[in-house]
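Grab the model and work through these exercises with it. Try each task yourself before you read the solution.

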Amino acid sequence: MDYPFREIESKWQKFWEDNRSFRTDLRSKKPKFYCLDMFPYPSGAGLHVGHPEGYTATDIVSRYKRMKGFEVLHPMGWDAFGLPAERYAMQTGIHPAKTTEQNIDNFRRQIKLIGLSYDWDREFSTTDPKYYKFTQWIFLKLYESWYDSNSKKARKISELVEIFQKKGSAGFTELETFSAEDWEKNSEAQKDAILAKFRMVYQAEIPVNWCPGLGTVLANEEVEEWTEKGYEVVRKPMRQYMMRITAYAERLLEDLSLVSWPHSTLEMQRNWIGKSEGLEIVFPFAKEAKQVIESLKSSNKTSARNLLESSLKDISLEGIKIYTTRPDTIFGVSYMVLAPEHPLVDWITTEDCWEEVQSYRKVSLLKSELDRVELSKEKSGVFTGSYVINPAAPNKKIPIWVGDYVLYGYGTGAIMAVPAHDQRDYEFAKAFGLDILPVIEGEITNSAFDSKESKCINSASEEVSIDGLGYKEASSKIIDWAIRKNLGKGKIQFKLRDWLFARQRYWGEPIPLVHFPSGVTKPLPESELPLELPNLQEFKPSGTGESALALAGDWLSYKDSATGEIGKRETNTMPQWAGSCWYYLRYIDPENPKAFVDSDLEKAWMPVDLYVGGAEHAVLHLLYSRFWHKVLFDLGYVSTPEPFKKLVHQGLILGEDKRKMSKSLGNVVNPDEVVNTFGADSLRLFEMFMGPFEMVKPWSTRGVEGVFRFLNRIWRLFHSGANETFRLDDIEPTDEEYKILHKSIQKIAQDIENFSFNTAISQLMIFVNELTPSDRRPRKILEQFLLLLAPFAPHISEELWALCGKKQSLTYESYPTLEPKYLIENEILIVVQVNGKLRAEFKAPKEIAQEEAISAAKKLDKILPFLNGKQIKKEIYVPGKLVNIVVA
C-alpha cells in the first residue's frame, strides 16, 4: 500500500500557508541569505515539468540555509507585461490585465502544489501600478542623468547644466563651442537638444525590426520567435528611445571579476560587450564619388534620395570612415562595403547603379540582423559605381559595394574588405569575382588565412612599409602612421550597442515623458507617478507606427502646471526587460510607497547571494539589470556595484522523446499530473535526481515511479507490521548506524553547497538501504535522517517528524551536527584476485599484515574452489587494497 501522499501534502501546504512559515524577518540578527529565482513570465500555458527544476533547487538550498541558521529571503513574483498577453487581447478583445491575472493565479497554484518555501507576503507583478511607479521612477533617474567619462560614473543632469552655466562647452570636444553666456541665451528647446546628447536616455532614428502584423518594434532576440509564427518583420528607420548602456561597456566588463558565475556565462557577457582594439581611418573618395556628390548637391533630387546633410551627423562627405582590428592588412583591401542603411549610399551611388542599389536595399529591409550576419548564408551585394582611395597605397582605387552582411548599427556601418584574410570577405569576393590580395604569408587557395602568427607580405608603398613584420608590430606601425598623417587614430571599440528602449505596444509601462510644441520634452514630476495605463477597449496598433496609446484620447493631453503649455504624452511603452531589471530590489521592501527600497534594508540584504535561472537569460537580462544597477549605484541609491553574487543555470529538461518540450510536438508533461499521480515530493526528488543540475536531460515517467517507490520505502522504514504501525526504538545506535548517519550528514551538506543534488539523493538512498534490512529503528538515527531528507522531500519529512512526537515544524530545526570521529574507518575492504581476475572481497582491520591478509583470502569460501588441486605459484599483496594469488 502506498503512503498517503495526497493527504500529507495538502495538510502541510495548508500548515505552511496558515502559519506563514517562510516569512522573512528583514531585521533579524542572523546572517542573511538572499536566494532568488529568475522572474517567471506567467504564460497562458502554465508550467511544464521543466520549470520546477530551478525552483526546486533554490528551495532545497533555502530550506538547508534556514536549518544552518541563516535568515533566508526567498521570494516569488511575476514578470507579467509582454507581447503574448497583448496579442491575445487583440485577437479576443479580452483586456490583457484580466488574462494576466488568470495566468498568475494558475502559476501560483501550480507552484504552491510543489511545496516551495517562498515568502508569499512579498509577491508582486510588474503590471501593478504600485510596482511600475518605481520602474518609471528609475527610468526618470536615468533620463535625468549623464555619464561623466572623466569620473567614469553617472551624474545628475543638473550638474551638467551647472557646468554649462559656469564654463560653457569647455572640455566637451563633441560639442560646438559655446560660452556660459551663449548657454543662457539659448531657448529651452536648444538647451534640451544639447542635453539630449548626454542623457542616459535619448531619442535616435535607427534601423529597427518592424513587425506590421504586431504593430511594434521587435528586439533582435524576438524576431525568430515571431517570424516562425508567420509574421513578417522588416527593417525600417524609426525614431526610438535608447538607453546609453555603451557608456558602461568598460565597467560591465571589468566588474565581471566581482561575481561568481559560470565560465560560459562570463564569456557570453564578454563576447556581447565585445571589446576590441584597432584603427579608425578614413578612405578618401576617388573622383567618381566626388563627382556624384557634387552633382547631387547642385541638383534637385532630395525627394528621390535622402540627401539632407543634417542626417549625416558625424559622417563626412570626404570619404568612408571604417574601424578595423587588423590594421596590418590595410594593403589587402580590394573593396569596401557599406551597410544598406548607410546614408552615404544615397550620396555616392552613380545614376546607372541607383535603381539596382535601391532594389537591393528594399530586399535587405525584409531581413533581420540575425539573418544578415549568418555566416553560412549566401553572400549578396551590389556595386555603387563609386570608388575610394586606399590611403596606404594612394595609387589604388577600391570599389564601393553595398552588402547586407554589414550592419549600420555596429561600428561605422562600413568595412574595408580584405578577402584574403577574412572568411566572410573571401566568400563575398568569390561570389562577385573581386580581387583577393594576400598580404599575410599563408595558404588562401580554399579559404581565408587569418592567423596573427604570420608575417606581412606585399605591404609596402611610398607612404609606409610593413613587409616582414608580425601582427603587433605591423598594426602598431600603421596606427602610428595614420595618426602622423592625420588620417585616423587608434581606438578601443565595443560591439555592444545602445539599448532600444521603446515598444509600440499597449501592454507595457507607460514612459513618463511629455512632448511640448516648443520642442522641449519634460519628465513627469515624481509626485504624479505612477502614470497608469488608460483603460482601453481596443488594443490594436494605431496605424501610424505608434502604439494603441496614440488612440487614448484625453489621456494623451497634459498641461504643464508651471507654464500652462499643453503637451502630448509619450505613446511608446517600455520593453518587457524594464520590470525585470530591478525586481530583486523591490522584493526587499515590496510595500514601501515612498521609495523603491529602504536604504538600510538594501544595505543589509544586497547583493543577491544566489541567483538561479535558465542560460537563455545569460546575456541580455543580466546585462540590462547590471546596467541599471550601476547607474543606481553611481547616483547613490544602492550600495553594491553588482546585483548578483553567485549565478547558477539549470539544464533543460527535454520530453521523453529527447526533444525540447513543445505543444506542437505533443511531448509536454504537466507537473499537475505528476503531483496528482506520484506526489510533489516525488516530482521534487526526481527532478533533482535526473542528473547533474546544469546538464540537459530527458524526462522519464518510469524514473518518477522509481523515486516514488523510494519514498514508500522511507515511509515503511518508520512503520512496521501489517497495519503499518509507526515505530521508533529508544535504543542506543551501533557504531555502524552512527557511521552511515554522519557520512550522510557530511555528504549531503557538501552536495547541497555544490549543487550536486543528484549525488545527495544517492546518499539518502544508501542510508535507507543500509538501515532497511535491520529490525532496529533507533530514534537517534532516524530523527536525524528526517532533517537530512527535509530540504528535498519536505512533506513526508514534516509528517514523519510530527509522528515522532515533535510539536513544531522542522523548518527551523538545526541541520544535524557532524561528529568527525564517526568518519574514521577502522576497517578496509580488500579485493581478492586469482590469476588477476576478481573473485572475492573481504573486510579487514586497517593495520592487517601481509601474512594475515593472504591467509584470510585463501580461507574465503569463494576462493577455495579456485585453489583446490592447484599449485600456488605466487602470492601478491598490495597493502590495504588487494591480494592476488597466482596458481597453475
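This is a predicted model: local features need pLDDT of at least 70, side-chain atom pairs count only at pLDDT 80 or more; totals for chains, interfaces and linings use all residues.

**Exercise 1.** Work out in which sense β11 and β12 pair, and over how many bridges.

*Solution.* Start with the two runs: strand β11 covers residues 381–390 and strand β12 covers residues 393–403. Strands here are DSSP E runs of at least two residues, helices are H or I runs of at least four, and both are numbered from the N terminus. The two strands pair in the antiparallel sense, over seven bridges; to count as a pair, DSSP has to find at least two bridges between them.

Residues are numbered from 1 along each chain as its sequence is written, and side-chain values use heavy atoms, with hydrogens and water left out.

**Exercise 2.** Decide whether Ser386 is buried or exposed, and list what it touches.

*Solution.* First place the residue: Ser386 belongs to strand β11. That strand is mostly covered, with eight of its ten residues buried. Ser386 itself has a relative accessible area of 0%, so it is buried (buried is under 20% relative accessible area, exposed over 50%, partly exposed in between, with a 1.4 Å probe and protein chains only). Then collect its contacts (heavy atoms within 4.5 Å). Leaving aside neighbours within four places in sequence, they include Glu288, Ala289, Val292 and Ile348, and also Ile398, Pro399 and Ile400.

**Exercise 3.** Find the strand order of the open sheet that contains β1 and β20, and say what packs on this sheet.

*Solution.* Read the order across: β2-β1-β20-β21, four strands with parallel pairing. At the edges you'll find β2 (71–73) and β21 (647–650), each pairing on one side only. Neighbouring strands are turned by 20 degrees against each other on average, direction ignored. Now zoom in on one pair: β1 (residues 32–37) and β2 share three bridges, and Tyr34 stands opposite Leu73 in β2. Finally, helix α2 (residues 52–67) packs on the sheet and touches β1, β2, β20 (610–614) and β21. The direction of α2 makes about 170 degrees with that of β1 (axes are lines fitted to C-alpha atoms, for helices over the stretch in contact, and angles run from 0 to 180 degrees between N-to-C directions).

**Exercise 4.** Describe how α4 and α22 pack.

*Solution.* For α4 (residues 96–113) and α22 (residues 671–678), the angle is about 35 degrees and the axes are 10 Å apart. Now the residues: Arg109, Gln110 and Leu113 in α4 meet Pro671, Asp672 and Val675 in α22.

**Exercise 5.** Locate Lys663 and decide whether it is buried or exposed.

*Solution.* Go to the loop between β22 (653–654) and α22, and there is Lys663. Its relative accessible area is 71%, so Lys663 is exposed. Not counting residues up to four places away in sequence, Lys663 touches Ala45 and Val668. As for the record, the unreviewed UniProt entry lists Lys663 under "binding site"; such annotations may be inferred rather than shown by experiment, feature names are shortened, and positions are given in the numbering used here.
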